Amino acid sequence: MGGCETKRKELLGRLYTGGDLELAMELMDGLLVKWEPRRKRDVRPLTEKDCMLIAYGDSIQEGGRPPLAVLDEFIERNCGEEITNVHLLPLFPYTSDDGFSVSDYLAVAPDLGGWDEVEALGEKRGVMMDAVINHTSKSHVWFKKCCAGEFPYTQYYIECDPEADYSRVTRPRALPLLTPFETSRGKKWYWTTFSGDQVDLNYHCPYVLRDIMEVLFTYACRGARFIRLDAIGFVWKRPGTACMHLAETHALIQLMRLMLTEIFPGTGIITETNVPHKENISYFGRGDEAHMVYQFPLPPLVLHTMLAGNTDRLTAWAEGLSADPVPEGSTFFNFLASHDGIGVRPVEDILTEAQLQALLCAVTDRGGRVSYKKNADGSESPYELNINFLDAISDPGEPDETRAARFLASQAIMLSLQGMPGIYYHSLLGSRNWQEGVESTGIFRRINREKLPCRTLEEELHREGTLRNRVFMGYLGLLRARGGCAAFAPRVPQEILDCGSSVFALRRIPEDGGRPVLVLVNVTGKPVRLASPVGGEDILAGGAAVRMDRMSPYQIAWLEQPEGR
């Protein structure tokens with residue numbers, strides 16, 4: 001028995017027993033035989049040039065044209081080589097939650113375009129696709145067949161006793177855990193972690209595993225360089241537990257990675273688990289689970305840093321990252337903004353209660369909202385901050401020049417850290433809060449999900465002096481400089497430095513003897529004198545030799561230094 005086959009059997013044995021194990025092995029073997037003729041190798045190690053633009057398929061629109069093609073052309077025309085990868089948020093037919101209630105995993109939503117547009121985008125850049133596999137829409141054909149009493153679909157979802165005790169189950173939203181549905185067998189209650197339209201899949205059924213692996217293979221075959229496992233921490237349920245981060249969940253991710261590697265080697269897995277740091281990094285496994293995990297503490301920590309003008313908490317947290325070495329071949333996915341809000345659970349043990357309350361107040365003062373989660377005792381606590389990141393760190397009424405400088409300083413922190421950067425499209429484009437989206441729908445997350453008309457957007461981006469122009473051109477300049485410096489490769493180690501509470505500082509040091517880079521970011525709106533002068537070639541100034549003993553407000557310095565320094 002080959003090594004992969006032996007490991008596959010072992011992992012399946014952690015999920016199933018008896019007849020279910022035999023069935024699972026038979027189904028997985030059949031799936032691999034089916035897909036073997038379509039096997040392709042596309043192994044491209046991540047480099048300093050790699051970054052990820054995060055966008056919906058219809059983020060940028062031009063009347064009468066497939067939005068996916070519009071997005072492709074917009075990136076090509078305006079961003080050139082600075083954007084190397086694109087995370088296409090769920091692009092499948094859906095019924096709610098802006099794409100995260102999928103009604104057909106294997107089709108592209110017709111109003112976006114089709115697989116041809118997806119594959120055309122993937123020919124120029126790496127594509128990350130969303131695998132929303134904790135649940136399906138209640139309109140998915142699988143759930144319709146379940147309600148109709150068809151085998152094996154009656155086993156595809158988790159039928160529950162509404163009188164049972166579910167108090168230990170982790171709840172991400174203040175909504176009912178169970179939802180009643182009329183079926184051919186009468187009223188049945190099904191597990192719905194996120195909403196009544198999103199019915200959780202039952203991975204205890206081997207047929208579900210078979211069909212979900214088919215979905216993942218299809219995405220890889222269609223050109224996905226990366227696959228994002230959405231809300232994956234919730235995926236396995238076991239009565240009497242929190243149903244979060246269970247051992248079976250980790251075994252399931254290992255199995256997905258193993259099987260993808262057999263047929264589509266080079267496909268990267270990214271896990272999305274908006275939880276405290278220790279739980280989050282558990283998804284690296286032993287280098288056999290996620291290739292990348294989201295760096296969830298980073299957004300609220302950078303927000304706190306820029307609002308307080310103080311780096312103490314951020315520096316202490318970043319120093320602590322070295323206590324949990326990242327497995328070989330893995331790295332962090334760094335980001336500051338996304339289609340979701342800014343999660344606050346990841347900083348529960350990092351920020352004080354007073355600091356967290358200050359964030360909540362600042363966000364509401366700047367037009368944002370706060371979303372809450374339901375606790376086991378019935379109480380509610382803050383879960384995420386819903387606001388555009390540019391507005392979140394801005395002082396209302398300040399000049400655009402200051403607003404852009406502070407924002408770019410925050411982004412430079414993210415771009416400097418070990419890992420691969422993810423850039424939400426509204427951050428790249430200098431967007432603001434979209435209050436109309438919230439007011440018209442009541443959905444807080446819509447504040448940062450506005451769709452933009454292509455021609456108007458391009459005119460603003462290239463009109464000198466506009467906020468969009470300042471942010472966009474500044475961001476591209478940062479990406480261009482970063483992409484030309486090998487010390488910013490995702491897995492190059494970092495050393496966090498203490499340059500006082502006003503300056504975030506680190507050094508990226510290549511292990512192959514290459515030239516290190518000293519990073520300095522003034523997080524305040526005041527000039528700062530450094531404790532001692534520093535020098536090097538400033539890659540943000542075309543490599544000019546500089547020696548500096550002070551920094552101007554919100555100044556960013558990336559200084560390439562002699563080897564071994």
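This briefing walks through a pocket, a strand neighbourhood and some aromatic pairs. The model is predicted, so local features need pLDDT of at least 70 and side-chain atom pairs count only at pLDDT 80 or more, while totals for chains, interfaces and linings use all residues. Residues are numbered from 1 along each chain as its sequence is written, and side-chain values use heavy atoms, with hydrogens and water left out.

**The largest pocket**

- The largest pocket holds about 540 Å³ of space; a volume here is the space filled by probe spheres set on grid points, which are joined across faces, edges and corners.
- On a 1 Å grid over the protein atoms alone, a pocket is an open set of points where a 1.4 Å probe fits, with protein on both sides within 12 Å along at least five of seven lines, and lining residues have an atom within 4 Å of a point.
- Its lining has 25 residues, and Gln-418, Arg-491, Val-492, Pro-493 and Gln-494 are the ones nearest the centre of the largest pocket.
- Two or more lining residues come from each of helix 10 (312-320) and strand 19 (494-498), where helices (H or I, at least four residues) and strands (E, at least two) are DSSP runs numbered from the N terminus.
- Strand 19 gives the most, with 3 residues.
- By type, the lining divides into 12 nonpolar, 6 polar and 7 charged residues; Asp, Glu, Lys and Arg count as charged, Ala, Val, Leu, Ile, Met, Phe, Trp, Tyr, Cys and Pro as nonpolar, and the others, Gly among them, as polar.

**Strand 3 and its partners**

- Strand 3 (residues 85-88) is covered on both faces, with Asn-85 and His-87 buried on one side and Val-86 and Leu-88 buried on the other; buried means under 20% relative accessible area with a 1.4 Å probe, protein chains only.
- Strand 1 (residues 52-55) pairs with strand 3 in the parallel sense over 4 bridges, and pairing requires that DSSP finds at least two bridges between two strands.
- Met-52 has Asn-85 in strand 3 as its bridge partner.
- Strand 4 (residues 126-131) also pairs with strand 3 in the parallel sense, over 4 bridges, and there Val-86 stands opposite Val-127.

**Aromatic pairs**

- The structure holds 22 aromatic pairs; rings of Phe, Tyr and Trp (its six-membered ring) pair if their centres lie within 6.5 Å, with planes under 30 degrees apart stacked, over 60 edge-to-face and the rest tilted.
- Tyr-153 and Tyr-156 form a tilted pair, because their ring centres are 4.7 Å apart and their planes stand at 50 degrees.
- Tyr-153 is buried at a relative accessible area of 16%, and Tyr-156 is buried at 0%.
- Tyr-105, Trp-142, Tyr-153 and Tyr-156 form one aromatic cluster.

Notes: Buried < 20%, exposed > 50% of the residue type's maximum accessible area, 1.4 Å probe, protein only.
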